[in-house]
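I set down each look-up in turn.

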Amino acid sequence: MPIKVEIIGDTPGQASVKIVGLGAISPGAGQMRLTRINSKTSLGADRAWHGEEQWLPLPDLFAEGSALLGRVGPELVDPLALLGPSDIVGMAVRIDGRTEEGRIKTDKLYGSHLHGAAATVIAPPPPEPEPTPEPEPEPEPEPVPVPEMPILTAERPVPSAEPAPNSMVLPLVGVLMVILVLAGGIAAYFLLFSADDQPVAQETTPIETKQPDGAVAPSEINTREDLAKYIQATPEPDKAYQTALKLTERGKLDFAMLLHQHAARGGNMDAAMAVAHMYDPESWSPQTSPMPQADAETAAYWYEPPAQSGNVEAQRQLGKIMTELTPSGFQHDKGREWLQKAADAGDAKAKELLGKPKGGN
């Protein structure tokens, strides 16, 4: 007769065990094996499921009628609580040279790591607190009467039709004062500027003189912050291209590339060609490019806008890169079309490249 095993949880990580059909046993005697029927794995002392048989000591059990009762802790509850509804677990008990087997029925198992959350689920909810009666609103204070202010009824004196004796004197004095102030200002101007006919520098002169377009001068671009300020001033693409050339002369190749890219995105095709040369394996060198190595695909990206605008060199180099990167197929044929456009414009190198067979070097 198979045994019947029930493991019923009551608190996180803890459960009661009830075994029926095993008979009386001595405390601390016997072993048990928990097996997942579907996967044929056995629970080990490390709380993991193993492919080999794992035997664990039985918990202390005491008899109550025909059943044996006991308690198990997280070492059994935690791995069982993680099983899905499709997992079937059997128990085998080995005692006094015999082995009894049966299925385990579990209910309300919570892992020990859910101690706080599960406890709140199991425990009955506390009674809702009785609502506190709202205090009655205090009566609004009666408005304090504001004493009425007496209305002044004094009438303004009506000016007489005839002017007072001194009524014409005050305007004349004011006019004379204005004339004197103006005369003093003119005299001060001639005293300040008549010595060498040069204006005296005012104290409010700005410390930094900006270029007409609002950007710092190319000679002042020494850091990335300087370059960022220059670009934020949105210089015209042509002016940005000229500034990039000056940065190249100063050896600031990384700044020059960034500024060339800014100008190229604004529509300057010379700047796009300059960026393409910095990537093109045919023109790349450590002395002319800030990049550690050439990159043909990136060069083709920057050659395409000037090629579309009719630049013969860009058409030839774009066609050369495309045909070399793809020895056949659509991209190769597209590259030959660019070479043909450059050849039709009289480019001798493009004609020479067109004469090579497909896949040739």
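Over the face of which residue does R36 lie, and at what distance from the ring centre? I was working with a predicted model, and I found R36 over the face of W49, 5.4 Å from the centre of the ring.

I then looked up another arginine. The charged end of R94 sits over the ring of W55, at 3.9 Å from its centre.

Next entry: aromatic pairs. I found one aromatic pair in the structure. The ring centres of Y301 and W302 are 5.3 Å apart and the planes stand at 90°, so I recorded the pair as edge-to-face; the cut-off for that label is over 60 degrees.

Are the two partners buried or exposed? Y301 has a relative accessible area of 56% and is therefore exposed, the cut-off for exposed being over 50%.

Last entry: T41. I located T41 in strand 4, which covers residues 41-43. Its relative accessible area is 15%, so T41 is buried.

With which side chain does the side chain of T41 make a polar contact? I found the partner to be the side chain of S39, at 2.9 Å.

I also looked up what T41 touches, leaving out residues up to four places away in sequence. The list consists of L34, T35, R36, W49 and H50. Two of these names, R36 and W49, return me to my opening entry, where R36 lies over the face of W49.

Terms used:
Residues are numbered from 1 along each chain as its sequence is written. This is a predicted model: local features need pLDDT of at least 70, side-chain atom pairs count only at pLDDT 80 or more; totals for chains, interfaces and linings use all residues. Side-chain values use heavy atoms; hydrogens and water are left out. Rings of Phe, Tyr and Trp (its six-membered ring) pair if their centres lie within 6.5 Å; planes under 30 degrees apart count as stacked, over 60 as edge-to-face and the rest as tilted. Buried means under 20% relative accessible area, exposed over 50%, partly exposed in between (1.4 Å probe, protein chains only). A charge sits over a ring if NZ of Lys or CZ of Arg is within 6 Å of the ring centre and within 35 degrees of the ring normal. Helices (H or I, at least four residues) and strands (E, at least two) are DSSP runs, numbered from the N terminus. A polar contact is a pair of N or O atoms within 3.5 Å; within protein, one must be able to donate a hydrogen and the other to accept it, and residues adjacent in sequence count only if both atoms are side-chain atoms. Contact means heavy atoms within 4.5 Å.
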